[in-house]
Each structure stands twice: as C-alpha cells, then as structure tokens.
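Subject: Handover of a structure and notes on its contents

Dear colleague,

Please find below the structure that I am handing over to you, together with its sequence. My notes on what was found in it follow directly after.

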Amino acid sequence: MEQKFTPMAHRFCLWMGVLLTVMYIPGFVWLAEFWPVPTPDWPAEQLAAWLADHATAFRIGCVLMIIPGALLAPWGAALAIWTRKTEDRFPVLYLTQIVSLAVGTCIFIIITIFWAIASYRAGQTAPAVTQAMFDIGWFMFLFDIPPFIAWAGSLGLAILWN
C-alpha cells in the first residue's frame, strides 16, 4: 500500500512550533509577570496578595500558556515523522520521541494548571494552600527536563545516525 504524504498538513504542524512560542512568551513574561520570577523568599501571604492583585492578567497569561501545550504535540510529531523514515523494522528512536513528547506535553499543560489553580481563589483560601499550588507549578517547571532531553536526544541521534 502506497503511503500518501500531505505537505500542507505537515507544514501546518511545523508552524505550530512558531505559534507555540508566539503565544507562550507573552503569557509567561507580560501577563503572568514571570519575568522577573517572583522570589521564593516571599511569605505565603505576600504571594497570595500578589496573585490576587493581578488575577485577571495572570489567568489570561495561564490561558496563553496552556493553549501552546496542545500545540507542542503536532509540532513534535511533525519533526518525529522525518526520523521514522530513517529507521527500518524497529523504530525505537521514533517511538522514544513520541512517548517522551506525549509525557512532555502532559507536563507542560499540568504546570500551567497548577499556576491557574493557585490564582483561582488567591486571597480567599489559606495563603499556604495558594503558595503550595504555585510552588508545585514551579517545581514541575524546573524539573520537567527529562522527557524533553529524551525527546531531543532521540531526535538528534536519529538525525546524526541517518
């Protein structure tokens, strides 16, 4: 059976990487005001007050960060499909890319969900709860590198070994 290549769909998925960046950076930097990053030295009350003071912009920023999470999958799949062609019967590098991309996409979205949860009732719930949700988001943001390393490593090896 002949496989059909659809360049329009492929190009569309590749452009998701550009759209991901264009949406994520304004949400992260300007709306959520994560640049400069809020210091972890803030007491829980100060963090809750900071989130409550700019809740609307922060939530819009979270939306602009969570949508690109879904765009990560088609962009990564468009890159991975090229390395699939380079492997014969047992496409382990291709499958590593797909699995690590799926894990990375889930983590990418969950991080923003925790930040959105922290802002949801900031000022109404206990500041320690708000701080815990906010900190979970940051810990996941800082320590989610392994699936992305596996993805980039398998993509790079597939390119180099071709």
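I begin with Trp50, which is buried because its relative accessible area is 16%, and buried here means under 20%. Please keep in mind throughout that this is a predicted model. The partner of Trp50 in an aromatic pair is Phe58. The two rings are arranged edge-to-face, 6.1 Å centre to centre, with 75 degrees between the planes. Phe58 has a relative accessibility of 0%, so this residue counts as buried too.

What does Phe58 touch, leaving aside residues up to four places away in sequence? Its contacts are Leu31, Ala32, Phe34, Trp50, Leu51, Trp115, Ser119 and Phe134.

Several of these names return in the nonpolar core. The largest such core has 26 residues, and those with the most contacts inside it are Phe34, Leu51, Phe58, Met65, Trp115 and Phe134. Two or more residues each come from α1 (7-31), α2 (44-53), α3 (55-84), α4 (92-120), α5 (127-142) and α6 (145-160). The element that gives the most is α4, with six residues. As general background, nonpolar side chains tend to be buried together in soluble globular proteins.

The aromatic residues deserve a section of their own. The count comes to 19 aromatic pairs. One of them is formed by Tyr24 and Phe28, whose rings are stacked, 5.7 Å centre to centre and with 20 degrees between the planes. Both residues lie in helix α1, four residues apart, which is about one turn of the helix. Tyr24 and Phe28 are both buried. They also belong to one aromatic cluster, which is formed by Tyr24, Phe28, Phe34, Trp42, Trp50, Phe58, Phe108, Trp115, Phe134, Trp138 and Phe141.

Next comes the packing of two helices. In general, such a pair is described by the angle between the axes and the distance between them. How far apart are the axes of α2 and α5, and at what angle do these helices pack? The axes are 8 Å apart, and the angle is about 75 degrees. This angle makes α2 roughly perpendicular to α5, because angles of 65 to 115 degrees count as such. On the α2 side, the contact is made by Ala44, Glu45, Leu47, Ala48, Trp50 and Leu51. On the α5 side, Pro127, Ala128, Thr130, Gln131 and Phe134 take part.

The phi angle of Glu33 is near 55 degrees, a positive value in a residue other than glycine. Is Glu33 buried, exposed or partly exposed? Its relative accessible area is 36%, so Glu33 is partly exposed.

Finally, I draw your attention to Val18, which lies in helix α1. At 40% relative accessibility, Val18 counts as partly exposed. Val18 and Trp75 are 57 residues apart in sequence, and their C-alpha atoms are 9.0 Å apart in space.

With kind regards

Methods. Residues are numbered from 1 along each chain as its sequence is written. This is a predicted model: local features need pLDDT of at least 70, side-chain atom pairs count only at pLDDT 80 or more; totals for chains, interfaces and linings use all residues. Side-chain values use heavy atoms; hydrogens and water are left out. A nonpolar core is a set of buried Ala, Val, Leu, Ile, Met, Phe, Trp, Tyr and Cys residues joined through side-chain atoms within 4.5 Å. Buried means under 20% relative accessible area, exposed over 50%, partly exposed in between (1.4 Å probe, protein chains only). Contact means heavy atoms within 4.5 Å. Axes are lines fitted to C-alpha atoms, for helices over the stretch in contact, and angles run from 0 to 180 degrees between N-to-C directions. Angles under 35 degrees count as roughly parallel, over 145 as roughly antiparallel, 65 to 115 as roughly perpendicular and the rest as oblique. Rings of Phe, Tyr and Trp (its six-membered ring) pair if their centres lie within 6.5 Å; planes under 30 degrees apart count as stacked, over 60 as edge-to-face and the rest as tilted.
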